[in-house]
Amino acid sequence: MRTRRVALFVTCLVDLMRPRIGFAAIRALEAAGCEVVVPEGQTCCGQPALNSGDRDHAVALAQQTIAALEPYEAVVVPSGSCAGTIRCHYPELFEHDAAWLPRAQAVAGRTFEIMAWLDEVCGWKPEGVRVDAKATYHDSCSGLRELGIKAQPRRLLKNVEGLSFAPLAGEETCCGFGGTFCVKYPAISNAIVGEKADAIDATGADLLLAGDLGCLMNMAGKLNRKGSKVRAYHAIELIAGMGDGPAIGEEG
Amino acid sequence: MSSFKERADAALADPILKIAVERTAGTAEAKRAVAVDAFPDFEAARDRAAAIKDHVVAHLGAYLEQFEANAVAAGACVHWASTADEACRIVIDICKAAGAKSVARSKSMLGEEIGLPHALAEAGIGRVETDLAEHIIQLADERPSHIIWPAMHKTREQVSALFKAKHRSPHEEETIAAMAESARRELRTQMLGADVGISGANFLIADTGAICTVTNEGNAELSLVPPRVHIVTAGIEKIVPSMPHAIHMLRMLARSATGAALTQYTTFYTGPKRAGDRDGPEEMHIVLVDNGRTKMRAEGLTEMLRCIRCGACMNHCVVFRQIGGHAYGGTYPGPMGSVLTPALDGLKQSRDLPNACTLNGKCQEVCPVRIPLPTLLRGWREKSWREGLEPTSMRWGLGLWAWVARRPALYRLGTGMAVRAMHMLGRKGWISTLPLAGGWTRYRDIPRPAAQTFMAQYKKEERRK
């Protein structure tokens, strides 16, 4: 099989808050036979500006990101919302820009959420990975509704030996993160994530898994504040065989 | 006037409100899911519904003229109102000409939008709200908190207490049936004594000139048929080309709103009483109201004119489910309200509404006419940013972030330092207070980041290879 050369778009949140997710992504991609490059010019995809109405900054960051990513045959992102920004919103941003629209569309068409890439494009599944635990899964909204990420993580996780699943009531209900929403309207966000944390606790699972670090930090931060014992990981960490390391909030 | 945040805080502090909203919205959500599952190819039906609305909105003038001609041929009078005030004035003038002392009103959100209850009171015309939930609202002197269940913010226990305080011969048994009977006793005589019946319209049928109302209580029929005059106030976007189109929209409306296949009462009214008819009003007036709708079409909100007022978006909205409808402060709450209110009341007063949304996309997923609500909300955010209405702290914060993020070398330096500082702040892996992040840490902890960013660690590893 031909080696696929892919660019990893790390995302600013993973870069800053949990580098392990970036390394897990590289490990899983290499196991799936990809050659991974981390393009130098990347920072933030511009999603916070885009969702706050700051169109000028969103456009500037989108142009920078497109320029950094367009040399590669595929771009893989360990986040449904950042992948969704590039895939769905970049072409909208440049709708009336004849010079940038084709470039935006080209990068958008080659950008994949990591679990969709591994499962659907590579047809890969983890082998020899073991985590003895009961997990529950939260479907992050952007990945679910913009990219249709639903079955892919579950198919991949099914191949992690020793891992059992407890269904999460309201698994498709927003956790209340919403990017800047959680700091602009903290009291409403708290009410939403409070219910989510209760639902997670009620599953009796050991682990909370999801595909977006923002949502995971919101849920894990609330679980920790309420004294829950549930530990949170990005699903790719388990898939890459890094589920034996520190969970979110256990590092350092 | 209170701010959105103050109203939201008050709502969050009200445990009874939470119970009331959850009971009704939870039931609606579950029933809708069952109804949609049982519907053969609901997705194709949504496409068709959206296409019907897009078609009429694109040819609004032609269909409205066709409607007018057919309604007039059936004996109705058609009036055109470009603003809320104008619409109210037309209604009041008709009531005065009819010598009306009291009107029976069948629930209409457009009536709320144009301020009709207030205008009637100012004109000294008595008003009886005949929809059960609107009756509750009238007794409590409140405003609707939901477009389908105006009294959804009240529990049945609260309603029982209200009836006991206000009804002349209230229920004794604490059952829903006894409470409904109490309302029936209270309302019947008032309804039958009204001089004018006022309704909205769920649909205006262009090729027959008929208007359609849907209710589950039959109150529209009892409010509109006995009085001498029937007045309809309807938004101009309610038009559909023909009966089959109306039927398709009805199938979508009922399922999306309550999960029922059809409402208990679906009635088409074509003109006033004709020679030989045993009953019906002597006059029928239809007031077609613009109130900003053609402007919405010109300002990139065309898709919002597809809305058939089913309420599915708010029933499925995580924010609405926490704060209820009153906190939104406009006539229409929830996601559709957050798109409409800035258009109706001005963005300056309502900039919080499009922002107070997680953009999770659930509203768009359940919308029977596929309105891209998150996109429209993002559009308002853009306008608000452009017009300088967003708070300075947010502008500065995002501006600084974007400025640094556009300079990758500086960004690496800055993020490296920030991460190290945060790493030193945390104990046992979690940070419970952080400067400038109070909105987060008031309610949840922040995981302590690793000592170095991914980019720094990755470069170190690459050099080692």
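In this predicted model, D445(B) and R225(A) are joined by a salt bridge whose closest N and O atoms lie 2.8 Å apart. Five salt bridges are found across the interface of chain B and chain A.

Helix 22 of chain B, residues 408-425, contributes seven residues to the side of chain B that touches chain A, the most of any contributor. The composition of that side is set out below.

| Residue class on the side of chain B touching chain A | Count |
|---|---|
| Nonpolar | 29 residues |

**Extent of the interface**

The size of an interface is often given as the accessible area lost when the parts come together. Between chain B and chain A, the buried area is about 5,700 Å², and carbon and sulfur atoms give 62% of this area. Of the area that chain B buries against chain A, 13% is supplied by Y443(B), R444(B) and F454(B), more than by any other three residues. In terms of contacts, 64 residues of chain B meet 67 residues of chain A. Polar contacts between the two chains amount to 30 residue pairs, with both residues at pLDDT 80 or more.

**A nonpolar surface patch**

Helix 22 of chain B, which gives seven residues to the side touching chain A, also supplies the largest share of a nonpolar patch, namely three residues. The patch covers about 430 Å² of surface and is made by W403(B), L410(B), L413(B) and M417(B). One of these residues, L410(B), is located in helix 22 of chain B.

Definitions and conventions:
Residues numbered from 1 in each chain as written. Chains lettered and ligands numbered in written order. Predicted model: local features only at pLDDT ≥ 70, side-chain atom pairs only at ≥ 80, totals over all residues. Heavy atoms only, no water. Contact = heavy atoms within 4.5 Å. Buried area = accessible area lost by both parts, 1.4 Å probe. Salt bridge = Lys/Arg side-chain N within 4 Å of Asp/Glu carboxyl O. Polar contact = N/O pair within 3.5 Å; in protein donor to acceptor, adjacent residues only side chain to side chain. Helix = DSSP H or I, 4+ residues; strand = E, 2+ residues; numbered from the N terminus. Nonpolar A, V, L, I, M, F, W, Y, C, P; charged D, E, K, R; others polar. Patch = residues over 30% accessible without salt bridge, like charges linked within 9 Å, V, L, I, M, F, W, Y side chains within 5 Å. Areas by Shrake-Rupley, 256 points an atom, 1.4 Å probe, with all protein chains shown as cover.
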